[in-house]
Amino acid sequence: MTRLATREAVKARQDEVERRGRGLGWMSLGLGVAQLAASDTVRRISGVDDSPTSRTVVPLVGARELVHAAGLLTSRRKGIWTWTRVVGDAMDLAALGIAIAHRGGRRRRRLVGVTGVIVGITVVDLLTAVQATRPERTGSVRAARSSREGGSMELTATTTIRRPPPEVYAFWRDLDNLPTFMAHLEEVRATGDHTSHWSASAPFGKNVEWDAEILDEATGERIAWRSTGNADVPNSGTVRFVPAPDGVSTEVHIVMSYDIPGGAVGKAVAKYFGEEPHQQLDDDLRRLKQVLETGQVVRSEGAPWGKRARKEFPQRPAQPLSDSDLAKGADA
Amino acid sequence: MRANTWTGRNKVKVRDVPDPRLLNDRDAIVRITSTAICGSDLHLVDGYVPTMQDGDVLGHEFMGEVIEVGRGVDSGRLRVGDRVVVPFPIACGACGACAAELYSCCENSNPNAGIAEKMFGHPVAGIFGYSHLTGGFAGGQAQYARVPFADVGPLKIESDLTDEQVLFLSDILPTGYMGAEMCDIQPTDVVAVWGAGPVGQFAMDSARVLGAAKVIAIDKEPYRLQMAERAGHTPVNFEEVDVRSRLLELTGGRGPDKCIDAVGMEASHGSTPLYAYDRVKQAVRSETERPHALRQAILSCRSGGIVSVIGVYGGLLDKFPAGAWMNRSLTLRTGQCHVQRYMKPLLQRIERGEIDPTRVITHTLPLDDAERGFEIFKNKQDNCEKVVLKP
């Protein structure tokens, strides 16, 4: 199938799930209103009109149905709301089970009938819920920004810097400058015209090192690189320096991909510990802009450690630092 | 040093904190001679602005003497010994926003831009003493403050004007002025200002200076309305009269040509059910604003008029009258004040005697009494309009 056809198929499936979700929402609304407004009739039909408990339970179930309805009819994310219905079904079936066990004759037959209907509805709910929460393959912003195969990750980020392209290019091309604004980089050392040695901090206090080479460059316009040899974190990327429409600024566009150690699991764990790669790269470019436009990474009392600021969250109070705070510095 | 700090919702406390140090090369340290409590500080203290932390030093209206400069500060612009008023938005002077004179949207001065971006779509400038969303900078209700980009923002005062005459160039005077400037005032204009607090008073004075035919003050505190009336503006007490009919009366049925919301997110108003609705929604955090003044300004404004918003909003609001706004060709303009843009021209207006900023000062207290200052300002006790603190 072509990419476009795949996208259309996904879209059609989503539309179907959306429609079914809305249908279930209307059903919840009807049930909820009936159970609240005509709870005695509902109790009689279900065969539980003999129990005082049901006088409380039926309207409560009705109120719950209204919550499902509100969620399903108003939310764009039907998935989570269809799951609330599945949970509701489970509760109802449990309650019906208890009611059946305590009854015989006409009331029991009615209860069994109602239970049959609920089982049918549960199947529909379950199917819809599963489909609605199946991960999207195309169309989301996140998907456009990163594609993942195993532990390999592609990132893009962009910023506009009020400096001419040759200056921004020259700053980047002097690779020693990169650690001044890239949070994870400890050191980049040129080892030849096109080769360099990099060291960086990784999650859990680990350090990683690798060699890299510039594959392709156009002065003032573009630098493409990749790691070489047996890198801990194999990576590659391109950074482009494009004149902005204002005639004085540079748009910096970066695309990079790297293999996170530990594959998909490693990535999930790293994210859990606050290392959100998109955010990291956005912040790196923000600091590049600060350095080129103002001379330094900007510090506040709440975030005093420059490029390490993000690791400090929640921040220290916005209050001047004491001598010992300052002495502890970024290691604090 | 002594500094007034946020310690939780509805709680401030003056305590000892370390003296500020230079953190960036273009920083300066200012010994503060006068500082003030701003209406927007109340939004922080009342707990409506997220990302406050226990111990944050408050205050964004301050002035004083430069006692130390970093090695990156251009000595042609600022030196030790200079007397300066410090603008509340921190601006780098070099980014695209600063080049466009949109200083409160500076792209570089907020180290927590990533958080601000999630809240607002794009980041905003750093602000002194104004939550971590705007950078986590220590504020100026203190004996000393660190001022970043000291060669960009601070305005040197070289004449012998008193602190009280120039202090409000840091925020409320330019804020009020920008509110009026955004109205493109014509000589035939009737301008209505919601809120007769200090910013509202300066918006009224600015509208007058910019040539408005008539300026109307809307509030419920008689002493604030009297203050506006003494300055030559027409008072409307929303607890005594129906605002809409009174405005129609005052404008021959047209409605005010220009409307300024100098109230913001914590409006109180005459209509009890509507107030209760907003109060409850705000309390359960399902809207962050009580936008009554804004709603009323939009509904009152003449067709084709301008609604200028300088009252602070922080998040999301309900029941925005989009129908009135769209169908009646209204223009909505707003912004945190780009103070740096207005400081020099307004200083000249003060020197020429066109505006007297001291008229709003009702209380001058020592810094150590900041807690009491917040109390009387918030509760409008003792006819309080503006509190100046002396460290």
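The end C-alpha atoms of residues 25-155 of chain B lie 19 Å apart, and this span is 15% helix and 24% strand, where helices (H or I, at least four residues) and strands (E, at least two) are DSSP runs numbered from the N terminus. The structure is a predicted model, in which local features need pLDDT of at least 70 and side-chain atom pairs count only at pLDDT 80 or more, whereas totals for chains, interfaces and linings use all residues. Residues are numbered from 1 along each chain as its sequence is written, and chains are lettered from A and ligands numbered from 1 in the order in which they are written.

In the UniProt record, an unreviewed entry, residues 25-155 of chain B carry the feature "domain: Alcohol dehydrogenase-like N-terminal". UniProt positions are given in the numbering used here, feature names are shortened, and annotations may be inferred rather than shown by experiment. The unreviewed entry also assigns "domain: Alcohol dehydrogenase-like C-terminal" to residues 198-267 of chain B.

In chain B, 23 residues of domain 1 are in contact with 20 residues of domain 2, contact being defined by C-beta atoms, placed from the backbone, that lie within 7 Å. On the side of domain 1 of chain B that touches domain 2 of chain B, the elements that give two or more residues are α1 (39-45) and α12 (339-351) of chain B. Helix α12(B) gives the most to this side, with 5 residues. The residues of this side of domain 1 of chain B comprise 10 nonpolar, 5 polar and 8 charged. In this classification Ala, Val, Leu, Ile, Met, Phe, Trp, Tyr, Cys and Pro count as nonpolar, Asp, Glu, Lys and Arg as charged, and the others, Gly among them, as polar.

Helix α1 of chain B contains H43(B). Residue H43(B) is buried, with 21 other C-beta atoms within 10 Å; a residue is buried if 20 or more other C-beta atoms lie within 10 Å of its own, exposed if 12 or fewer, and partly exposed in between, with C-beta atoms placed from the backbone. Apart from neighbours within four places in sequence, H43(B) is in contact with Y48(B), V49(B), M265(B), E266(B), V312(B) and G314(B). The C-alpha atoms of H43(B) and K390(B) are separated by 22 Å, the two residues being 347 residues apart along the chain.

An open sheet of 6 strands in chain B shows parallel pairing and the order β12-β11-β10-β13-β14-β15; two strands pair if DSSP finds at least two bridges between them. Strands β12 (234-237) and β15 (331-334) of chain B stand at the edges, each with a single partner strand, so one side of each is left without a neighbour in the sheet. From one strand to the next, the twist averages 20°, with axes being lines fitted to C-alpha atoms, for helices over the stretch in contact, and angles running from 0 to 180 degrees between N-to-C directions. Within this part of the structure, strands β13 (residues 258-261) and β14 (residues 306-309) of chain B pair in the parallel sense over 4 bridges. Residue V307(B) in β14(B) is the one opposite C259(B). Helix α6 (residues 198-209) of chain B packs on the sheet and touches β10 (190-194), β11 (214-219) and β13 of chain B; its direction makes about 170° with that of β11(B).

Strand β3 (residues 28-37) of chain B pairs with β8(B) in the antiparallel sense over 4 bridges. In β8(B), R146(B) is the bridge partner of I29(B). Both faces of strand β8 (residues 144-147) of chain B are covered, with Y144(B) and R146(B) buried on one side and A145(B) and V147(B) buried on the other.

The contact between the chains takes 36 residues from chain B and 29 residues from chain A. The elements that give two or more residues to the side of chain B that touches chain A are α2 (96-99) and α3 (113-120) of chain B. This side of chain B divides into 14 nonpolar, 15 polar and 7 charged residues. The loop between α2 and α3 of chain B holds P111(B), which is buried, with 32 other C-beta atoms within 10 Å.

How values were computed:
Two residues are in contact if their C-beta atoms, placed from the backbone, lie within 7 Å.
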